[in-house]
Amino acid sequence: MHLGDDFFGNVNLTFVDDVEIRIGNGVMIAPSVTLTTTGHPIHPALREDFRRFSEPIVIEDRVWIGSNVVVLPGVRIGYGAVIGAGSVVSRDVPPMTVAVGVPCRVVREITDADLESRTGLTPPS
């Protein structure tokens, strides 16, 4: 585990860190988030002896992760990104984007227009 400066992790934050989890500066993580670096093979023959695989997770600076998010092995979340509540992040998320859903997908970029909105949910026109 590597935690940057000014990190905030809320209640029920779970780390499955069989390999490295790197969290940057100014990251905020809401309640009941799971960051898991470990998974199991799809084919049952490969699970008979509880085989697993592990890949690191990287969360860059100034990321905000909403409640009940699951981040899966090998994911990188880019600078300034926002991950919406309840998302399952199975792929990399580019910097300065908002990503939501199951599976998590980018829905828009974060722009200077978001400086004019308190929530950023509906950018001003």
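Analyst: Gly101 takes a positive phi near 105 degrees in the hairpin of strand 15 and strand 16, where four residues lie between the strands. This is a predicted model, in which local features need pLDDT of at least 70, side-chain atom pairs count only at pLDDT 80 or more, and totals for chains, interfaces and linings use all residues. Numbering starts from 1 along each chain as its sequence is written, and side-chain values use heavy atoms, leaving out hydrogens and water.

Strands here are DSSP runs of E, at least two residues long, numbered from the N terminus. Strand 15 covers residues 97-100 and strand 16 covers residues 105-109; they pair in the antiparallel sense over four bridges (pairing takes at least two DSSP bridges). Across this pairing, Thr97 stands opposite Glu109 of strand 16.

Now for another threonine. Thr38 sits in strand 7 (residues 38-39). Is Thr38 buried or exposed? Thr38 is buried because its relative accessible area is 13%; buried means under 20%, exposed over 50%, and partly exposed in between, using a 1.4 Å probe and protein chains only. Setting aside residues up to four places away in sequence, Thr38 touches Val16, Asp18, Arg52, Phe53, Ser54 and Pro73, where contact means heavy atoms within 4.5 Å.

Trp64 belongs to strand 10 (residues 64-65). With a relative accessible area of 43%, Trp64 counts as partly exposed.
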